[in-house]
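Dear colleague,

Please find below the structure that I am handing over to you. My notes on what was found in it follow directly after.

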Amino acid sequence: MRLRKRSGMGNGAWVRGMGVVGVGAALAMGGASSVGALAPEADLAYHGSVTMAAGLVDLWLTPQNHGPSTVEDATVRLRWSAPLADVQRLPGDCARSGEREVVCRTGPLAADGPGDRTRLTVRLLGEPSEVMLEIDTVWGGGAVDRNHGNDRQRVLVLDTGDSYVF
């Protein structure tokens, strides 16, 4: 009894204090789990073809969302094993992001549907006989993608003028 009087905390105050702490902890824990539960789920994929001749790479890329949620916009990264030439003419939805990288917006992707096709031509530094192209999602529009088997591609492209489909 003496201890309670010194601290100024009676049984009622202690119970109310624990109730506030308990509610705060429940909100913190509940908030963390509900945020994950509220994130939309999508399954992004990229299909297309790539050709290389004399250091010039021509790429056609169609993003696809296998659902179940729509994606307002996403960003795909294209990374080459050889450096890009200094000067590039890129479409408006694409930007150079490094010595060997370009990123492009996909635009909206309906669930279970293809997006708009992107055509991109880049010039590599020099004229390599082959180049490895890596394709992956940088940003999925806030959606959770649990299947990265189809949004990460690696394509070996030979300087033959042949089209390589992925």
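In this predicted model, strand E8, residues 130-139, is joined to strand E9 by six bridges, and the two run antiparallel. One of the residues involved is Met 132, whose bridge partner in E9 is Leu 156.

These two strands belong to an open sheet of five strands, arranged in the order E4-E5-E3-E8-E9 with antiparallel pairing. Strand E4 (94-96) and strand E9 (153-158) each have a single partner strand, so both stand at the edges, with one side left without a neighbour in the sheet. On average, neighbouring strands of this sheet are turned by 20° against each other, direction ignored.

In general, a disulfide is a covalent bond between the sulfur atoms of two cysteines. Here the cysteines are Cys 94 and Cys 104, with their sulfur atoms 2.0 Å apart. The pair links Cys 94 in strand E4 to Cys 104 in strand E5 (residues 101-105), ten residues apart. Because the torsion about the S-S bond of Cys 94 and Cys 104 is about 110°, the disulfide is right-handed.

Are these cysteines buried or exposed? A residue counts as buried when its relative accessible area is under 20%. Cys 94 has 9% relative accessibility and therefore counts as buried. Cys 104, at 1% relative accessibility, counts as buried too.

Yours sincerely,
A colleague

Methods:
Residues are numbered from 1 along each chain as its sequence is written. This is a predicted model: local features need pLDDT of at least 70, side-chain atom pairs count only at pLDDT 80 or more; totals for chains, interfaces and linings use all residues. Side-chain values use heavy atoms; hydrogens and water are left out. Two strands pair if DSSP finds at least two bridges between them. Helices (H or I, at least four residues) and strands (E, at least two) are DSSP runs, numbered from the N terminus. Axes are lines fitted to C-alpha atoms, for helices over the stretch in contact, and angles run from 0 to 180 degrees between N-to-C directions. A disulfide is a pair of cysteine sulfur atoms within 2.5 Å. Buried means under 20% relative accessible area, exposed over 50%, partly exposed in between (1.4 Å probe, protein chains only).
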